[in-house]
Amino acid sequence: MKKKKSSGGGANWMDTYGDMVTLLLCFFVLLYSMSTISEENWKALVMSFNPQSVQIPTASEGGDGPSADGDQSGVMPDPQEEIDEDINDLYEALKAYASEGENQNALSVTKGDGKVYISFNQTAFFDGYSYTLRQESLPILDEVSNMFSNVSDSIDEIQIIGHTARDDPDQPNGVNTDRFLASNRATNVLVYIQEHSTVDAGRLVSLGVGEWHPVATNETSEGRQANRRVELVVSGRNLEEEAALEGSMESYMTHYETEIDLSGGRTPGTEAGNGAGEPAGE
């Protein structure tokens, strides 16, 4: 009686291996196809595996697949370019506003060197020899402050500069009257902008230069009117300069702290010889 030959496990193992290779091939084909799969097909695929799924990747503007980049070029936007664009948008908005009706006689707008220059006519903002804002100027300042708020994160500094005209073309104004009038006009404009915009108060600066930067002759009433003005100079942020300044400050503080340690533990506000921690006096 012949014994029946027992079938070995080799064939079964080969079948299992073949099935695994086929499944891997299908898996990689599926992964490849996902790079161009449409949103609807992707949803159908996910739902077939998990009908209860809620979060489904969707295609973005950068391509057809769920893992496509948000930007078609695949390059992140440059923060400095966004800042420059904000400042340019501010200029365009101000220029359009300055060209409307009565605003043409109230303010003028120019641009250069990455800065926006705004000039407020004295007759629209202040009475003669006065630094109190006229009621007619408040709607203009409201609109300008709102424009500043729209790009406040891109603004590095706003200088508000007060100017006066020389009453007598042949003789300078009185120093006290001239300087205080110019400074107070600039300060009042600054206070209003600070109270009605979201610009960081530390980025607002007021200056009073008086009669010393005229834009027209003081020998005519029209020229003196042009010279009596408040100017705003809006500067956009420069990220490269900010990084360099931050590095300089860190270097300075490290050097300063080292000098303190080498000088026997002195701290700011004390003098050597007065005793440790003893105030140096005012």
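In this predicted model, five strands form an open sheet with mixed pairing, and their order across the sheet is 1-2-5-3-4. The two edges are taken by strand 1, residues 107–112, and strand 4, residues 204–210, each of which pairs on one side only. From one strand to the next, the twist averages 20°.

**Pairing within the sheet**

- In general, the strands of a sheet pair through backbone hydrogen bonds, in either a parallel or an antiparallel arrangement.
- Strand 1 and strand 2 illustrate the antiparallel sense, being paired over 6 bridges, and within this pairing Val109 has Ile118 of strand 2 as its bridge partner.
- These two strands, strand 1 and strand 2, also make up a hairpin with 2 residues between them, and in its turn Asp113 has a positive phi of about 55°.
- Strand 3, which covers residues 155–163, pairs with strand 4 in the parallel sense over 6 bridges, and here Ile161 stands opposite Leu207 in strand 4.

**Helices against the sheet**

- Helix 3, made of residues 79–98, packs on the sheet and touches strand 1, strand 2 (115–121), strand 3 and strand 5 (229–236), while its direction makes about 150° with that of strand 1.
- Helix 6, made of residues 175–196, lies across strand 2, strand 3, strand 4 and strand 5, and runs at about 160° to strand 4.

- Helix 5 has 13 residues and reaches 19 Å from its first C-alpha to its last, which is close to the 18 Å expected at 1.5 Å a residue.
- Several residues of helix 5 are buried, including Leu138, Ile140, Leu141, Val144, Met147 and Phe148, and the buried residues also include Ser145 and Ser149.
- Between helix 5 (138–150) and strand 3 there is a loop, and Ser152 is found in this loop.
- Ser152 counts as buried because its relative accessible area is 15%, which falls under the 20% cut-off for that term.
- Apart from its neighbours within four places in sequence, Ser152 is in contact with Thr198 and Val199.

**Confidence of the prediction**

- The pLDDT of the protein chain averages 80, and 69% of the residues score at least 70.
- Over residues 269–282 the pLDDT is below 50, and in the model this stretch has 12 contacts beyond near neighbours in sequence.

Conventions. Residues numbered from 1 in each chain as written. Predicted model: local features only at pLDDT ≥ 70, side-chain atom pairs only at ≥ 80, totals over all residues. Heavy atoms only, no water. Pairing = 2+ DSSP bridges. Helix = DSSP H or I, 4+ residues; strand = E, 2+ residues; numbered from the N terminus. Axes fitted to C-alpha atoms, helices over the stretch in contact; angles between N-to-C directions. Contact = heavy atoms within 4.5 Å. pLDDT = per-residue confidence, 0-100. Buried < 20%, exposed > 50% of the residue type's maximum accessible area, 1.4 Å probe, protein only. Expected span 1.5 Å × (residues − 1).
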